[in-house]
Amino acid sequence: MPALDAALDPKVAAAAIETTAFPHGDVEVERATLVRHKPGRRALVDYLLALRDPTTGETLQLRALGKLRHKRTDFAAHRLAGELARRGFDGRDGVRVPRSLGVVPDLAMWLQTFEDGARADALLTGGGGIPLAGDIASALARLHAAAVPAARRHDLAREIAILREQLSDARRAAPALARRIDGVERGCVRLAERIAPARATGIHRDLHPEQVLVRRDGGIVLLDLDLFAWGDPLIDVANFAAHLVELGVREHGDAAALDDARAVFEETWLRLQAHALRRDLERHRALAIARHVAISQRIPARRATTEAVLAAAEGALAAERVL
């Protein structure tokens, strides 16, 4: 990523940010910390900025996150953040997304506000997990109801293609489980044929507990809408529900450990989206659990849970009578 070194250089970054994102003030980068980096793809930089008003001389400290893409600036994500803010996702009703602070084309980056709060994955495994699950479902239903236009589309066929590719990788990574993983893949393909086409809307596409923050005032912050697309909202609901199954395995050694929170999450969303079918949500959830078989192999710290996650996927598919 050619721009990454420049983005981490306080003087170079300050000049680029001042020129584009904050052209009416003086910018100093007090700190630039690399938070995440997928080589050749994307990076996330945590900035502490000092913004000086040249008229009044007043200085404001601002913490911001810079999102870099390989060779290009993600203008679509910048525009999406602005559109969501205009549609009320600014915290006034308890739900917000990080606000865009502007784009910095010289660094292939856009800037967003840093949001403070507790990660939902830690809270969902504690005593307050059940009411929180309902709050997250309500926030997600608001996102779906907003019908924000999306630059890309994501349908079930694409979802199955990604799942098959990931399960193929998992078979190679865990040859001792290859036969069972192959059975899960065949079951997923059969199950997908039973899912009815849904009314599409804007979807997060990567919603899981680590993508949700809970502010001190109880407000919900939805993070990382970089994959936002026009598609079936049940993909979002099932993805989050499957993450609760996986989180139960990882934190408690039991796929059903967070079933109460999962049930509240699903029931709340279904109540708010009356057109959705419960049976299709259950089918989508089975597909999403199967994807965690591959995720568990891709993340070294989770490889010890692969067999338990695989058993959960087999159970979900057996309940649908496709395994």
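**Briefing: helices, a packed pair and some loop residues**

Just after helix α8, G253 takes a positive phi of about 70°. The model is predicted.

**Helix α8**
- α8 covers residues 233-252, which makes 20 residues.
- From first C-alpha to last, α8 reaches 29 Å. That is close to the 28 Å expected at 1.5 Å a residue.
- α8 is mostly covered, with 17 of its 20 residues buried.
- D232 caps the N-terminal end of α8. A side-chain oxygen of D232 lies 2.9 Å from the backbone nitrogen of L234.

**R285 in helix α10**
- Helix α10 runs over residues 278-298, and R285 is found in it.
- R285 has a relative accessible area of 16%. Buried means under 20%, so R285 counts as buried.
- R285 is in contact with A238, A241, A242, R262 and E266, leaving aside neighbours within four places in sequence.

**How α6 and α10 pack**
- Two packed helices are described by the angle between their axes and the distance between the axes.
- The axes of α6 (residues 156-173) and α10 come within 9 Å. They cross at roughly 35°.
- The crossing of α6 and α10 is left-handed.
- On the α6 side, the contact is made by L156, E159, I160, L163, Q166, L167, A170 and A173.
- On the α10 side, the contact is made by H284, L287, A290, R291, V293, A294, Q297 and R298.
- By class, this contact of α6 with α10 has ten nonpolar, three polar and three charged residues.

- L177 lies in the loop between α6 and α7 (178-192).
- L177 is buried, with a relative accessible area of 14%.
- L177 and T306 are 129 residues apart in sequence. In space they are 9.2 Å apart, C-alpha to C-alpha.
- L177 touches T306, E307 and L310, not counting residues up to four places away in sequence.

**Positive phi without glycine**
- A147 is not a glycine, yet has a positive phi of about 50°. A147 sits in the loop between α5 (129-145) and β8 (153-154). At 37% relative accessibility, A147 is partly exposed.
- R205 is not a glycine either, and has a positive phi of about 80°. R205 is in the loop between β9 (201-203) and β10 (212-214). With a relative accessible area of 22%, R205 is partly exposed.

Notes:
Residues are numbered from 1 along each chain as its sequence is written. Side-chain values use heavy atoms; hydrogens and water are left out. Helices (H or I, at least four residues) and strands (E, at least two) are DSSP runs, numbered from the N terminus. The expected span of a helix is 1.5 Å times one less than its number of residues. Buried means under 20% relative accessible area, exposed over 50%, partly exposed in between (1.4 Å probe, protein chains only). A polar contact is a pair of N or O atoms within 3.5 Å; within protein, one must be able to donate a hydrogen and the other to accept it, and residues adjacent in sequence count only if both atoms are side-chain atoms. Contact means heavy atoms within 4.5 Å. Axes are lines fitted to C-alpha atoms, for helices over the stretch in contact, and angles run from 0 to 180 degrees between N-to-C directions. A crossing is left-handed if the near helix is turned anticlockwise from the far one by less than a right angle, and right-handed if clockwise. Ala, Val, Leu, Ile, Met, Phe, Trp, Tyr, Cys and Pro count as nonpolar, Asp, Glu, Lys and Arg as charged, and the others, Gly among them, as polar.
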